[in-house]
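Here's a quick briefing to read alongside the structure. Have a look at the fold, then work through the points below.

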Amino acid sequence: MATFNSIFGNFLGFTIPLIIVGFIIPGIADLGKSAGKLLGVTTLIAYCSTVIAGCLAFFTNHALLSHIISPDMARDLANPEKGLLHPFFTIDMPPLMGVMSALLIAFILGIGIAVCQDDLLRKGSHEFQRIIEKLIASIIIPLLPLHICGIFANMTHAGQVAAIMSVFAKVFLVIICLHIVILVVQYTLAGSAAGGNPIKLLKGMLPAYMTAIGTQSSAATIPVTLASTKKNGVAAGIADFVIPLCASIHLSGSTITLTSCTMAVMLLNGRPIEFSNMFGFILMLGVTMVAAPGVPGGAVMAALGILQSMMGFTADQQALMIALYLAQDSFGTACNVTGDGAIAILVNKIAGNKLVPLKEVSFETEGEA
């Protein structure tokens, strides 16, 4: 198991720059398809919502995690490699480029395609994105359970697994509560601005929330999110524009989860947590996860690069993050898509439209469309 983990961990490190390039370039390039003020307004609201959610997670966990994860536990786990088994052999797989190089290339090409409206490069970026999605779906995700099994087997051998699992059970509870809080805040603001009842608006988004729990994909949930948003009274043209866009760029739920789990892993390894460092990480999360929600678990895959470059996570810590994220990916995705409905309500108000709730909307029709 240790040998497999070593080889798979190296392969994962090799694919991180490819995942960054494959997700971010088409995500940014597609923003150029829709011109006008509403594009900028929607993007700004979605990004601010994501950053606010991350900051909420930081301050909440900063206050709570010190009571959940004791300094003694952190010291005990500070040098876990002492109790771990080592692989029989390993295979070096140096990545084609560093994480920062991949980010810079992705930003330059993505923005360039959006500005220049180059259809050939845009098509090529989408083809490459499909290859990376196939790589994740066919190789990385199927082998992850074995990799995670090896990590926990090694932690068990080192006598750590009981302490770690007891900690993260409590962290998950905090994450779910934070999801609820951010949704209440989003719909309170949207309802107040648009003159709607926040509770009724949230209730109207329940079909999208439940669907996202099943699909684990913001993109796959778009038809139901669209129908729920229109039923809440958002104009069809606004909903058709905002919902698909926010499915790629609005990740408040995923940001809460990644921020919380990152802080917990750092505390488990006895590392100090500073807001200046975490705030930069949160700002980058809002960019690097663009277009990642199309794949279950895509957000954490896209975040591996900055976990490595900004937070200094090792391969085992990255794999632990993947395991923790995938364990509650459904709820993070559900929070994301439900929040998309609140942004649509705000944009609908900014566009000068009033909420006109519909009595019935066919989800099947939206899906066919």
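An unreviewed UniProt entry puts the feature "transmembrane region" at residues 6-26, 38-59, 96-115, 135-155, 161-185, 206-229, 241-268 and 280-307. Keep in mind that what you're looking at is a predicted model.

**Two of the annotated spans**
- Take residues 6-26: the model makes this span 100% helix and 0% strand, with 31 Å between its end C-alpha atoms.
- Residues 241-268 come out as 93% helix and 0% strand, and here the end C-alpha atoms are 43 Å apart.

**Helix H9**
- How many of the 10 residues of H9 are buried? Eight are, so this helix (residues 222-231) is largely enclosed by the rest of the structure.
- The buried set runs through Ile-222, Val-224, Thr-225, Leu-226, Ala-227, Ser-228, Thr-229 and Lys-230.
- After H9 comes Gly-233, which has a positive phi, near 110 degrees.

**Where H12 meets H13**
- Two packed helices are described by the angle between their axes and the distance between the axes.
- For H12 (residues 275-288) and H13 (residues 298-309), the axes come within 9 Å and cross at roughly 145 degrees.
- The crossing of H12 past H13 is right-handed.
- On the H12 side, Phe-281, Met-284, Leu-285 and Thr-288 make the contact, and H13 brings Ala-302, Ala-303, Ile-306 and Leu-307.
- What kinds of residues make up the contact of H12 with H13? Seven are nonpolar, one is polar and none is charged.

Conventions:
Residues numbered from 1 in each chain as written. Predicted model: local features only at pLDDT ≥ 70, side-chain atom pairs only at ≥ 80, totals over all residues. Heavy atoms only, no water. UniProt positions renumbered as here; feature names shortened; annotations may be inferred. Helix = DSSP H or I, 4+ residues; strand = E, 2+ residues; numbered from the N terminus. Buried < 20%, exposed > 50% of the residue type's maximum accessible area, 1.4 Å probe, protein only. Axes fitted to C-alpha atoms, helices over the stretch in contact; angles between N-to-C directions. Left-handed = near helix turned anticlockwise from the far one by under 90°. Contact = heavy atoms within 4.5 Å. Nonpolar A, V, L, I, M, F, W, Y, C, P; charged D, E, K, R; others polar.
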